[in-house]
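Work through the two exercises below with the sequence and the coordinates at hand, and follow each solution step by step.

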Amino acid sequence: MLRDLIARLNDESSLVLKACNAALKSLTTHVPAEELVNHIEFIRNLIASMVSDARRRKGGVGDGEFLLPGFNMPKGLEPMLPIYQRGILYGNAIIREASAAGLGELINLTASKYLAGPFIIKMTGPLLRIVGDRNPSNVKIAIIQTLGLILTKGGPALRAFVPQFQTTFVKALSDPSRQVRTEAIKALSLLMPLSTRLDPLIKELVAGSLGKGPSAAVETAGAVAVQTATLEALAVVINRGGGKAKLPISIPSALDAGKDMIFHEDDGVREAAAKVIGAACALLGEETTSDVVQELILEKSDTSADRKHGKACCCHRILASEVGKQIDDELLSSMSSLVKRLMKDEKSNVREAACVAVGAVIGSASDTSSCIADVESAILRCMDPKETMEVHRAVAKGLCVAARLKPKIFVSETCLSLMDGALKLAMSGAQRVQLSFNDFLWLAFDAGKGDEGIEAYSGVANFENARTAKTLYSKVLVRIKGVEED
C-alpha cells in the first residue's frame, strides 16, 4: 500500500494527487504511527528511487531543483508528518537518524510556500526538543542538517524559535564529533538573517574561543578543537550578522579574541582566529585595520613557525575582506614583501599559508599588472613539480582567492605564465592537485557563464596550451557546477 501510494506522488494529474493525499492521510490516521515508523527506511528508499528516476529520465531536471508534486499542494506533507515525528521523538538511535534525515529530504522536495506558517513550526518543535538528548553523533548530524534546511525554507515564521536554535547550535560547537561541530557552524550562518540580538551571541562565542566558556573543562586536545570551532562560528556570525550588533564593544571584543589566538600553537586555531580578525576588520574600517596590520603582521618577531603561519593567515583574511582594497599602497607593499618571503620558508605549513595569502595580495592591489609582475616568480617557484602536493594545492587556493576578488584578470596576457603553469598542474599533477587547479581554471575562465573566458585565454596562449585548455574545458570544467568558497 505504501509503495503504490508513494509512487502516485509524482503523478501529473491533480485529481490523482488529491486522492493520493487523502489515502495517505487515512492510512496514517488509522494505522498507529508506532507501527508505520518501522517502515521509515522503506519510505525513504521509495522516495529516493522516485526522485532519482525523475532526475535521470529523458527530459528530467538533472541536478537542478526537483519538487515532488504530491508534496507541493496545500497540506501535501501533512499525511507523512506523524510518521517522522514519531520516529524523531520516540525511536531508537537508528530510527531517529533515519526520521530526521528523511524529514530533511521531504523539505528539500517541497517549495517554501507549502511549508509556511504553523506547518513548519510543527516540524521544528520535535527536532529542537530531542537534539539535546544523549544521541549518537550521526543522529545529531541528521537533526542539525534538517534544522538548517528548515531555516532555509521557513523564513520569518521561525523568528520566535531563534533563541532555541541559537542555544542548540552553540551547544553543538562543543560536541566531541568534528562533523557535528561543522554542521553547527553552517547552521549558525543560516540563522543570522533571522537573528536580531547578536551581542549576547558574540559575547558567548568570544568567551568560548578564549577557553572560558562551558567547554573549558574539556580535556586539552578536545578543548583546542572546540576553540577552533567556536572561532570559526564567531567569524561566520560577524560575517553574516555583525552589522546588527548594537553594543560598541561587541566587534572590538571579537577582534581582541582573534588577536589573542592568532599565534596559538595549533594551526587550526590560528587559521580560525585569522578569519575572525578579517571579519572584524571589515566592519571596523581601514584605520583599525592598519593598526592591526602594524601590530600583528609587520612586527619583527617572526622567528617561530607559529608566528609566521599566523601572519600569513592574517594577511589572507584581511586582504580578502571588504576592507582589503582600502589599505594604502605602502602598507600593502610591506605585506606583499612579507608574503613573498614566507613563500620560501623552510616550513611547509608556512609556505602553504603564504601561497594562499598571495592570491589576496593580487586581489586587493590597485595596480594589478604591477602586483602580478612582482609576485609571479614566487608563485611559479611554488608551482615547481618538486614542491609538495599541499603547497601546490595552496597555490591553487590562493589563485582562486584572486580570481574571486578580480574576475577575468587571468585570461589576459599579463597572467599567461601563471595560467600556463596552472594548466600544466591541472593536467599532470596528483589527482588532488588536479582537482584544485580545475577549480581555479573554472573560476579563471568564468566557465559557469559561457565560453568567453576560454576563448580569451586561447587568443593569447600558444597553440599547444590553447588546445590542451579547450580539451580540459570541454571534458572537465563544463561539468563543474560551482566552486565552494572557503
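**Exercise 1.** Determine which helix supplies the largest share of the lining of the second largest pocket.

*Solution.* The largest share, four residues, comes from helix 9, where helices are DSSP runs of H or I with at least four residues, numbered from the N terminus. Helix 8 (137–154) and helix 9 (162–172) each supply at least two residues of this lining. This is a predicted model, in which local features need pLDDT of at least 70 and side-chain atom pairs count only at pLDDT 80 or more, while totals for chains, interfaces and linings use all residues. Residues are numbered from 1 along each chain as its sequence is written, and side-chain values use heavy atoms, with hydrogens and water left out. The lining holds 14 residues, among which Val131, Gly132, Lys140, Lys171 and Asp175 lie nearest the centre of the pocket. By class, the lining residues divide into four nonpolar, five polar and five charged, with Gly counted as polar.

**Exercise 2.** Describe how helix 4 (residues 40–56) and helix 6 (residues 93–108) pack.

*Solution.* The two helices pack at an angle of about 30 degrees, with their axes 10 Å apart, the axes being lines fitted to C-alpha atoms over the stretch in contact, and angles running from 0 to 180 degrees between N-to-C directions. Helix 4 and helix 6 are therefore roughly parallel to each other, a term for angles under 35 degrees. The contact (heavy atoms within 4.5 Å) includes Ile40, Glu41, Arg44 and Ile47 of helix 4, and Ala98 and Leu106 among the residues of helix 6.

Key:
1 Å grid on protein atoms, 1.4 Å probe; cavity = no way out; pocket = protein on both sides within 12 Å on 5 of 7 lines; lining within 4 Å. Parallel < 35°, antiparallel > 145°, perpendicular 65-115°, else oblique.
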